[in-house]
Amino acid sequence: MLGRNIFRRRKMKQEYATGENFSTTLGIDLEKNLQDLQVMLGNPGDLVIRRLMLGANVGAAVVFINGLSNTEDIHNDLLKNLQRNREKESDSRTPEEMLNQLQLDLISISSIEKTNSLDTLTNKLLSGQSVVYVDGVAEVLLLGTEKWESRAIEEPVSESVIRGPREGFVENLQTNMVLIRRHIRDPNLRFETSEVGRRSKKKLVVCYMEGIVNPDIIKEVNRRLSSIDMDSAMESGYIEQWIEDSYLSPFPQMDNTERPDKVASSVLQGKVGILLDGSPFALIAPITIDNSFKSPEDYYDRWLIGTFLRIIRYIGAFITMFLPALYIALVSFHQGMIPSQLAFSIAATREGVPFPAFVEAIIMGFTMELLREAGARLPKTIGQTIGIVGGLVIGEAAVSAGIVSPIMVIVVALTAVASFTIPLYSVAISFRLLRFGFMLAAAVLGLYGIVLVYIMINIHIVNLKSMGIPYSAPFSPTFIKDWRDMVLRAPIPMLNKRPESLKSKDKRSGNLRR
């Protein structure tokens, strides 16, 4: 008997996967429907089947997955009502009438729908909904009883601010949608829900403001999302890599954030937010290169403070990419450009160092990246200690051993600190990778190599797009009015227009820019 069931289960799953000789619709026999469901799911231990009677002669069953469904709602709003009204049910009613009676009168759960598809039933059941079978009816009721353990709302780890909201997204999609609605209480806020993943069938939500967003952007986003073909999207990073314009580019073409206020502000600006169930990171598209240097905190402080902090970030990005390369080029090729006193000091510190400046920079840069990665993977208390103590000990030991010069340690340390000023983690990593390209060009051609690589990067940025929007805007194409919120952050009353590059339907802004 066990062997026949295993053979039938394998055959049924094979037919389900190939679509051959497999019926995706329910029958009218209750026991046959329940048996098919058990075979389909492999009769798991957390599958709960509660059989009961409707009236005197009609059997029924309530099915749910233990741990995914709210058992209190099932017990109080479903089973109690069915048992309380069982004797009142007339035996003259047909099973179809009893099913309708359950839907309209007896079940007090707010979300109820019907289906006759086994595929839909299985997906909803695995999402936490409960299923009500009635013998003699080829349809079932799907009840919205989803409830599973989730993380409490906490302060975002990757985007901490001194002034601003402290709440961040969690892994629960419904909670994340509520957090956005708390910031935007407008009837034009739209959440379009779909599924992604052939097997995971995770919920994905596209968030935008109707009447503000450019319809072409929504159409392009939906077109790319519909092209996704994968078994499962474990995190929103899967979605980002699938729908981005150029996967060969070192620059991210979509923003990712844990902050609901940032998503709400971007949506009001005319952008699109993408939320994935199970991921605390939302995606924002389209973006431009200047978004890499903006932080939500820029708009919560006065404009002078926001402008100063933004200038600091631009300087930090310049140091991150160019400082080691400039040092290599000046020391190796253009010593005449260094002031005499500084040149004598550098020559004295490099006396006895067996490696050229390029090899020094590579050794120290790679060591710093190792310490950074080790500190990120270890527990917080240990990671901070490893990062600080490890950097000091290794740097001091390398100088004492004569492997690197003291000024190279200063250059690499200043570069590492500068990289932390960039708000977006993905952009900071991109700049750190480009730094090695500049270092190699400086070692081969000096300042000429740095200029050539810089020109190549600019050509790439000008040709890059994000959901059809030029990545280099508002530099190229030039939108002068958008420069008020680029390097300088104009006072809030002056930020009364949405970015021209987005071509929003409603040009006037509510003083919310990102």
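**Backbone, helix packing and cores**

K503 is exposed, with a relative accessible area of 55%. The model discussed here is a predicted one. K503 is not a glycine, yet its phi is positive, at about 50°. Its place is in the segment after β12. K201 belongs to the loop between β6 (189–196) and β7 (202–209). With a relative accessible area of 23%, K201 is partly exposed. As background, most residues other than glycine have a negative phi, and most peptide bonds are trans.

The peptide bonds also deserve attention. A cis peptide bond links A473 to P474, with omega at about 5°. P474 lies in the segment after β12 (469–470). Another cis peptide bond joins S476 and P477, and here omega is about 0°. P477, too, is placed in the segment after β12.

The helical part of the structure may be approached through α10. Helix α10 (residues 303–332) packs against helix α14 (residues 406–419) at an angle of about 160°, and the two axes are 7 Å apart. How are these two helices oriented, parallel or antiparallel? An angle over 145 degrees counts as roughly antiparallel, and α10 and α14 are therefore roughly antiparallel to each other. Their crossing is left-handed. On the α10 side the contact involves G316, I319, T320, L323, P324 and Y327, which meet I407, M408, V411, L414, T415, A418 and S419 of α14. By residue class, this contact of α10 with α14 comprises nine nonpolar, four polar and no charged residues.

The packing of α10 with α15 has another geometry. These helices pack at an angle of about 20°, with axes 8 Å apart. Because angles under 35 degrees count as roughly parallel, α10 and α15 are roughly parallel to each other. The crossing of α10 past α15 is right-handed. From α10, the residues A317, T320, M321, F322, P324, A325, I328 and A329 make the contact, and from α15 the residues F431, R432, L434, R435, F438, M439, A442 and A443. The residues of the contact of α10 with α15 divide into 13 nonpolar, one polar and two charged. T320 and P324 of α10 take part in the contact with α14 and also in the contact with α15.

Setting aside neighbours within four places in sequence, R432 is in contact with T320, E369, R372 and S419. Of these partners, T320 is a residue of α10 that meets α14, and S419 is a residue of α14 that meets α10.

In soluble globular proteins, nonpolar side chains tend to be buried together. The largest nonpolar core of this model has 38 residues, and F251, F431 and F438 have the most contacts inside it. At least two residues of this core come from each of α10, α12 (357–377), α14, α15 (425–445) and α16 (447–463). F438 shows how such contacts are made: apart from neighbours within four places in sequence, F438 touches M321, F322, A325, I450, V453, Y454 and I457. Among these partners, M321, F322 and A325 are α10 residues in the contact with α15. Another core, of 23 residues, lies apart from the largest one and includes V213, I218, M254 and L502.

Two pairs of residues give a sense of distance across the model. L378 is found in the loop between α12 and α13 (380–400), and at 37% relative accessibility L378 counts as partly exposed. Between the C-alpha atoms of L378 and P474 there are 40 Å, the two residues being 96 residues apart along the chain. P474 is the proline joined to A473 by a cis peptide bond. The second pair begins with G237, in helix α8 (residues 236–243). At 16% relative accessibility, G237 counts as buried. G237 and L37 are 200 residues apart in sequence, and their C-alpha atoms are 33 Å apart in space.

Terms used:
Residues numbered from 1 in each chain as written. Predicted model: local features only at pLDDT ≥ 70, side-chain atom pairs only at ≥ 80, totals over all residues. Heavy atoms only, no water. Axes fitted to C-alpha atoms, helices over the stretch in contact; angles between N-to-C directions. Helix = DSSP H or I, 4+ residues; strand = E, 2+ residues; numbered from the N terminus. Parallel < 35°, antiparallel > 145°, perpendicular 65-115°, else oblique. Left-handed = near helix turned anticlockwise from the far one by under 90°. Contact = heavy atoms within 4.5 Å. Nonpolar A, V, L, I, M, F, W, Y, C, P; charged D, E, K, R; others polar. Core = buried A, V, L, I, M, F, W, Y, C linked by side-chain atoms within 4.5 Å. Buried < 20%, exposed > 50% of the residue type's maximum accessible area, 1.4 Å probe, protein only.
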